[in-house]
Amino acid sequence: MNLWMIFKVSLLAILRNKTRAILTCLGIIAGIAAVIIVLAIGKGSQAMMVRQLSSMGNNLLMVFPERANAGPVHGGMGSGQTMTAEDAIAVKKELAHLVQAVSPMVRAPLQMIRQDRNWSSTVQGVSTDYPLIRGWDVMNGRFFDETEERRCSRVCVIGNTVKNNLFGTEDPIGQTIRLRNMPFKVVGVLAVKGANGWGQDQDDCVMAPYTTVKRVLQGSTFNNINMMNISLRSMDMLEEAKRELAALLRQRHRLADYQDDDFETRDPTEFMNTIGSTTKLMTILLTIAASISLLVGGIGIMNIMLVSVTERIKEIGLRMAIGATPVNILGQFILESIVLSTVGGVIGVALGVGLAVFFGNLLHWPIEIDMASAAWALAFSSFVGMFFGFYPAYRASKLNPIDCLRYE
């Protein structure tokens, strides 16, 4: 018997017992569908995190002063007084071969007032490099310029959330809002960013020159800043940039070799690695759980094939009597189990993709179908059929044709 004839015989044997074949495939269908859904959700979550972290900025590196500590009370990140705007200027000048933009940042939480409307938010004092660092376009109007930054001008750019709450449908460009009872002219509205990976509304912000925030809103004569935002020329330069940045800041802060850094650095890859590791672990655990269904499906195939061998003993004896070899019998039953598991795998892939899309749209959860993973899952289902179908096929090939023909 050639391979095509063996395949036809196997297919006819399966079609003679359609209900049993469908029930046999259920374990494989459930297992493959579960694997596809888990991988789609896992990859979708990772893609969403990458997009959210990318929205933080272009090749972003953040530098914070050391935490302020007073006895047993420990301040939050950026609460220290060890970093100044001059540090940011020096970084941009001295490390120009590694960085393309640098912006100091100071924050001032306050209430904004415009006529009979008010809104509480945080004013971010930044430099003119900030839109480039964050990859944040101005949707309407313009960003403030270097002259306004140098002169501590009372100008600001607002986020979409602030615009909606203070101006509604009106055009805010050229209008005035009051920050700490001081008039600020709105010169631009930022493009919509949405929430970041921590659920914070990035559009709920007001940006003004950091010089203005320090001297006008904070009334401070000191030049310390809350943090420094740096855009690297390439993330491939991250480690080199961290080393040279640390050396420059230690030199400027006159730190001895035995003293610890009085600053901290953070970059999105740290958050991505941490969250990615957690997501990867959860995906692995869920995949293992889904794979148990494949194991159960494989055992089901083996049991059904053993029953099939018992039911078809006379047929096996007759085939051997007219010239079928043990290899032909072995191939026939292995091929039957492979066909069963492969058909179950195809249905499982289709069902998994359909359910992943359905639940993704229903729950507004990001999904990403990886066709390579679907192909591997389908190949694995065929392997499950071959593996669990071998023992029943081997038993069938070892039967004695005379005993088979006498079997009642």
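Ala, Val, Leu, Ile, Met, Phe, Trp, Tyr, Cys and Pro count here as nonpolar, Asp, Glu, Lys and Arg as charged, and the others, Gly among them, as polar. By these classes, the second largest pocket of this predicted model is lined by 5 nonpolar, 2 polar and 5 charged residues.

**Second largest pocket**

- The second largest pocket holds about 250 Å³ of space.
- Two or more lining residues come from each of α3 (85–94), β4 (99–114) and α5 (146–150).

**Second largest cavity**

- The structure contains 3 cavities of 30 Å³ or more.
- The second largest cavity has a volume of about 50 Å³.
- Its lining is made up of Ile36, Leu39, Ala40, Lys43, Glu368, Ile369, Asp370, Ser373 and Ala374.
- Helices α2 (18–54) and α12 (371–397) each give at least two residues to this lining, and α2 has the largest share, with 4 residues.
- By class, the cavity lining has 5 nonpolar, 1 polar and 3 charged residues.

**Nonpolar surface patch**

- A nonpolar patch on the surface is formed by Ile41, Phe358, Phe359, Leu362, Leu363 and Trp365.
- Together, these patch residues have about 610 Å² of accessible area.
- Helix α11 (residues 326–363) provides the largest share of the patch, 4 residues.
- Phe358, one of the patch residues, lies in helix α11.

**Helix α7**

- Helix α7 spans residues 210–217 and is largely enclosed by the rest of the structure, because 7 of its 8 residues are buried.
- Buried here means under 20% relative accessible area.
- The buried residues of α7 are Tyr210, Thr211, Thr212, Val213, Lys214, Val216 and Leu217.
- Gly219 follows α7 and has a positive phi, near 60 degrees.

How values were computed: Residues numbered from 1 in each chain as written. Predicted model: local features only at pLDDT ≥ 70, side-chain atom pairs only at ≥ 80, totals over all residues. Heavy atoms only, no water. 1 Å grid on protein atoms, 1.4 Å probe; cavity = no way out; pocket = protein on both sides within 12 Å on 5 of 7 lines; lining within 4 Å. Points joined across faces, edges and corners; volume = space filled by probe spheres on them. Patch = residues over 30% accessible without salt bridge, like charges linked within 9 Å, V, L, I, M, F, W, Y side chains within 5 Å. Areas by Shrake-Rupley, 256 points an atom, 1.4 Å probe, with all protein chains shown as cover. Salt bridge = Lys/Arg side-chain N within 4 Å of Asp/Glu carboxyl O. Buried < 20%, exposed > 50% of the residue type's maximum accessible area, 1.4 Å probe, protein only.
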